[in-house]
Amino acid sequence: MTPKGPVVTGLDLQMAQKVLDSQPFSALVGARITAFGDGAATLEIDSREELRQQNGFLHGGVLAYAADNALTFAAGTTLGPAVLTGGFSIQYLRPATGASLVARAEVVHTGRRQAVARCDLSVVGQDGTETLCAVAQGTVLSATPS
């Protein structure tokens, strides 16, 4: 999908990963950006014991974190690097079990000071099969004074 609004140039995957690496919580969960640009971003997290809840599923907070950051990074490709989450909602569709989590976000609309984006969160099995486990939508605000 092509974002509705301007696409900011000068930002790339390497810079996005540097920003992500500067977030202590992102380092704690082991997040990485695997795609970034043209109104979209993909964030991935390997599943491990410390990220699971008592039933062995990835914790809902891990999914919410992944959605939040993927939405914000996607919006940053159209609003610029200084952005903040205005709010988002997430719907959990099924328990997240698998080798890794993939959060793919894309911008739906960009205005002067805010963007709306949506995100699909899938778990990837050992065989590479992806299963959708949650969906999210959010508003991201430009943190640059006008």
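Phe36 is buried, its relative accessible area being 17%, where buried stands for under 20% relative accessible area, exposed for over 50% and partly exposed for values in between (1.4 Å probe, protein chains only). The model is predicted, so local features need pLDDT of at least 70 and side-chain atom pairs count only at pLDDT 80 or more, while totals for chains, interfaces and linings use all residues. Residues are numbered from 1 along each chain as its sequence is written, and side-chain values use heavy atoms, with hydrogens and water left out.

Two aromatic pairs are found in a search of the whole structure; rings of Phe, Tyr and Trp (its six-membered ring) pair if their centres lie within 6.5 Å, and planes under 30 degrees apart count as stacked, over 60 as edge-to-face and the rest as tilted.

| Pair | Centre to centre | Angle between planes | Class |
|---|---|---|---|
| Phe25 and Tyr65 | 5.4 Å | 70 degrees | edge-to-face |
| Phe36 and Phe73 | 6.3 Å | 80 degrees | edge-to-face |

Because Phe25 lies in helix α2 (residues 24-29) and Tyr65 in helix α3, their pair ties together parts that are 40 residues apart in sequence; helices (H or I, at least four residues) and strands (E, at least two) are DSSP runs, numbered from the N terminus. Phe25 is partly exposed at 48% relative accessible area, whereas Tyr65, at 11%, counts as buried. In the other pair, Phe36 belongs to strand β1 and Phe73 to helix α3, so parts 37 residues apart in sequence are tied together, and Phe73 counts as buried at 10% relative accessibility.

The largest nonpolar core has 38 residues, and those with the most contacts inside it include Leu43, Ile45 and Leu101; such a core is a set of buried Ala, Val, Leu, Ile, Met, Phe, Trp, Tyr and Cys residues joined through side-chain atoms within 4.5 Å. Among the elements that each supply at least two residues of this core are α1 (13-21), β1 (32-37) and α3 (60-79), and α3 gives the most, with 11 residues.

The largest pocket is lined by 17 residues, of which Val19, Thr72, Phe73, Pro81 and Val83 lie nearest its centre. On a 1 Å grid over the protein atoms alone, a pocket is an open set of points where a 1.4 Å probe fits, with protein on both sides within 12 Å along at least five of seven lines, and lining residues have an atom within 4 Å of a point. The largest share of this lining, five residues, comes from α3.
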